[in-house]
Amino acid sequence: MTGNDSEIKDTGLRGVTVASTRISHVAGDAGKLIYRGYRVEELAQNATFEEVCYLMLYEKLPGKRELDDFQRELKARRKISPRMISALKTRPSTSLPMDVLQGGVSFLSNHHSHPDRQTRSNELDIGILLIAQMPTLLAAFDRIRNGKEPVEPNPDLNHAANFLYMLTGEVPDPEIQRVFDTCLVLHAEHSFNASTFAARQIASTQAHMFASISGAVGSLSGALHGGANERVMAMLLEIGRVDAVDGYIRKQFEAGNKIMGMGHSVYKTKDPRARILQPMVKKMGERTGDLKWYEIASTLEKKALEAFAEKGKTDIHANVDFYSGALYYQMKIPVDLFTPVFALSRIAGWIAHVIEEQFAEAAPKAVLYRPSADYVGEYCGPEECSFVPMNKR
Ligand SMILES: CC(C)(COP(=O)(O)OP(=O)(O)OC[C@H]1O[C@@H](n2cnc3c(N)ncnc32)[C@H](O)[C@@H]1OP(=O)(O)O)[C@@H](O)C(=O)NCCC(=O)NCCS
């Protein structure tokens, strides 16, 4: 770890390098995101989510045979067990979907014959199982909570299309399939963000893949991380009209609230993923004949930038969550599934990081993360306190 204690105090580890990685690079000032050497823009344009998963797990883009085999394996492992479906039926319909997903990961561990056999091949195998089954689990929960029977996975469909199919019971048209596939590609990996660091930190204790991923799901659920996309949509719904944007920004600033989907711990320019998603929202609006959400979001972005600049803050820009919400909303994905959908994509990066943490040649043994903290609590005078018996407190 670099930096000294007085510099890093209360900065949430910003600017502190905790490990080396070969998986991705976020160049905050240049607004670039690289997955294993490839620009995210190139991958979003040309690759499927399955190819990106392969790139994450096997450190190279697959050849045709390799991709065929990988897709076949994912398809073969999509189905969840009747026991899992019965368990989902016992969840209250009001359960938070991220909690269901997190519990679902632990459930899969409970029913795995050797979750804690910590070989590279076992961890990889579990990772592929999670990529394949998390979408089935989430779609099944959504249907069950709405009083419907789960839809079985469809082996004729790719990963993105199959999820939408299991959610709605209808095969999405090719344009929607491609839009959703691109969203999965864009969210697949982002270096040492909070949930990935959570996964790596858990893996560093030599806990297994399921434990690391369930911790990562919990971390992603927070409003300042993956949970922001749901809050962005709530914000757009609250604004409701382009001419209400100014008033909304004023109100948020006066209350000291943040504009969700804006700002980033690393990017100091517009997030490259937001650059890709913005025109996709516009195209989706043109397709549905309703540009309202595009217009509210893009006006909000423009006016918020002006308002930030007036306060001397020129490094707060739209992040990935700013436009993804409006896209999912128009695809009729329920708002409270936006963050779980993020997890269905980020699972690819998490698995790569857990494996790197535990098995990478550059760091053959996981180094247990164990930061220190300054104790700023109480003493009783110059010395430690003496225990006070109950009847004297
Ligand atoms: C993501 C985020 C936590 C990164 O923040 P950060 O770089 O660590 O910076 P901070 O939260 O410490 O904010 C620095 C300053 O910018 C302001 N700021 C940052 N993001 C802001 C936003 N979205 N709206 C309004 N003000 C914001 C903070 O209020 C703070 O102001 P101050 O210095 O006057 O107190 C922050 O931008 C945020 O909360 N954004 C909204 C949630 C979101 O979209 N999360 C998804 C991230 S991908």
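Predicted model: local features only at pLDDT ≥ 70, side-chain atom pairs only at ≥ 80, totals over all residues.

Biologist: Which domains is the protein divided into?

Modeller: Domain 1 covers 5-222 + 340-359, and domain 2 covers 228-330. Their C-alpha centres lie 26 Å apart.

Biologist: How many residues does each give to the contact?

Modeller: Domain 1 gives 16 residues and domain 2 gives 17 residues.

Biologist: Which elements of domain 1 give two or more residues to that side?

Modeller: They are β2 (32-35), α2 (40-46), α9 (174-187) and α17 (338-359). The most comes from α9, with four residues.

Biologist: And how do the residues on that side of domain 1 divide?

Modeller: Nine are nonpolar, three are polar and four are charged.

Biologist: You mentioned β2. What order do the strands of its sheet take?

Modeller: The order is β1-β2-β3, in an open sheet with antiparallel pairing. β1 (24-27) and β3 (38-39) are at the edges with a single partner strand each, so one side of each has no neighbour in the sheet.

Biologist: What holds strands together in general?

Modeller: Strands of a sheet pair through backbone hydrogen bonds.

Biologist: How many bridges does β2 make with β1, and how many with β3?

Modeller: β1 and β2 pair over four bridges. β2 and β3 pair over two bridges. For instance, Ser-24 has Tyr-35 in β2 as its bridge partner. Tyr-35 also stands opposite Tyr-38 in β3. Ile-34 is bridged to Arg-39 in β3.

Biologist: What about the turns?

Modeller: β1 and β2 form a hairpin with four residues between them, and Gly-31 in that turn has a positive phi of about 65°. The hairpin of β2 and β3 has two residues between the strands, and Arg-36 in its turn has a positive phi of about 40°.

Biologist: Which residues of β2 are on the covered face?

Modeller: Leu-33 and Tyr-35. Lys-32 and Ile-34 make up the uncovered face.

Biologist: New topic. Why is helix α10 largely enclosed by the rest of the structure?

Modeller: Eight of its 10 residues are buried, so the rest of the structure largely encloses α10 (residues 194-203). Among the buried ones are Ser-195, Arg-200 and Ile-202. The cover includes α11 (209-220) and α17.

Biologist: Last one. Which residues come nearest to the ligand?

Modeller: Of the 15 residues around the ligand, the nearest are Ala-228, Lys-258, Met-262, Gly-263 and Asn-319. The shell divides into seven nonpolar, five polar and three charged residues.

Terms used: Residues numbered from 1 in each chain as written. Near = placed C-beta within 6 Å. Nonpolar A, V, L, I, M, F, W, Y, C, P; charged D, E, K, R; others polar. Domains from an automatic or database assignment. Contact = placed C-beta atoms within 7 Å. Buried ≥ 20, exposed ≤ 12 C-beta atoms within 10 Å, placed from the backbone. Pairing = 2+ DSSP bridges.
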